Amino acid sequence: MAVERKRFECSALPKGWQREEVTRKNGLSAGKVDVYYYSPDGRKVRSKPQLARFMGDDLDLGSFDFRTGKVNNLLSRKPKKQRGPLYDFSRGARNDASLVPPIRQTASIFKQPVTVYKTQESKVKTDFKHGVQEKPKQLFWEKRLEGLRACDTDGHELRAMELPKGLKAVGPHVTEETLLQSVATALHVSNQPITGQTGSKSSLDKNPGVFINPEQPLVQALAVGDEDIKRQEDRVSNARKKLQEAINGLSS
């Protein structure tokens with residue numbers, strides 16, 4: 001077979017590499033050009049994978065065109081991602097919700113773990129095992145406030161408030177100071193009527209963790225009558241009179 005050979009220096013490869021074009025002159029493949037490369041030590045390379053093995057990690061041949069011996073930036077572009085599968089295999093499946101197994105979910109949108117059943121109507125059944133749970137409250141937390149005193153601007157402690165004698169504390173080692181803090185907290189925080197502990201004193205002292213209601217202050221239930229309300233109104237009226245007299249004395 002008659003051929004014509006031309007060899008050139010390849011500028012796209014490291015120094016010493018040569019590119020050879022072999023053109024066939026006769027036969028059925030006349031005019032076809034075969035391309036080969038020669039390393040500096042004379043070894044012949046017949047394909048791009050073989051050339052890549054020769055180069056190793058020294059040279060990236062991703063944009064190298066083996067046929068022309070030049071760098072083609074189009075070869076380095078990443079192929080476009082396929083937007084969807086060529087064939088949707090789920091099209092042949094029967095659209096039946098009964099084939100979908102139940103899924104156990106504990107996502108934040110559910111207050112309790114639930115089991116989700118998918119039906120043909122796309123409804124969700126919830127299985128609450130433990131009911132609605134509320135955050136537990138600590139009993140006798142008011143004891144942490146013991147020993148704290150309010151002071152005036154000069155640093156002198158203010159006189160402690162005296163509670164009515166009818167208020168009796170319940171619970172183990174509950175002092176009058178703790179009782180005052182418990183009642184004050186209930187009046188300012190609770191949205192429920194303040195009734196006190198309705199259980200018997202013996203049961204509350206014996207097993208407070210069971211019988212004490214954390215929503216109520218640590219005081220025995222006390223019934224307020226009309227006489228108690230009248231006495232309190234008189235105290236408020238006297239306090240207002242004294243305050244008005246003090247204001248008049250300062251202004252004169």
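This is a predicted model: local features need pLDDT of at least 70, side-chain atom pairs count only at pLDDT 80 or more; totals for chains, interfaces and linings use all residues.
1. **Fold.** The protein chain has 5 helices and 8 strands. Follow the sequence and the order is β-β-β-β-α-β-β-β-β-α-α-α-α.

2. **Burial and surface.** The chain counts 252 residues, and 19% of them are buried.

3. **Contacts along the chain.** Take the contacts with a separation of 6 or more. Of these, 38% join residues 24 or more positions apart.

4. **Aromatic rings.** The whole structure holds 3 aromatic pairs. One aromatic cluster is made of Y37, F64 and F66.

5. **Charges over rings.** Two tyrosines carry a charged side chain over the ring. R7 places its charged end over Y38, 3.9 Å from the ring centre. K44 lies over the face of Y36, with 4.1 Å to the ring centre.

6. **Q216.** Is this loop residue buried or exposed? Q216 sits in the loop between α4 (208-211) and α5 (226-251). Its relative accessible area is 9%, so Q216 counts as buried, the cut-off being under 20%. Beyond its neighbours within four places in sequence, Q216 touches Q192, P193, I194, T195, G196 and Q197.

Key. Residues are numbered from 1 along each chain as its sequence is written. Side-chain values use heavy atoms; hydrogens and water are left out. Helices (H or I, at least four residues) and strands (E, at least two) are DSSP runs, numbered from the N terminus. Buried means under 20% relative accessible area, exposed over 50%, partly exposed in between (1.4 Å probe, protein chains only). Contact means heavy atoms within 4.5 Å. Rings of Phe, Tyr and Trp (its six-membered ring) pair if their centres lie within 6.5 Å; planes under 30 degrees apart count as stacked, over 60 as edge-to-face and the rest as tilted. A charge sits over a ring if NZ of Lys or CZ of Arg is within 6 Å of the ring centre and within 35 degrees of the ring normal.
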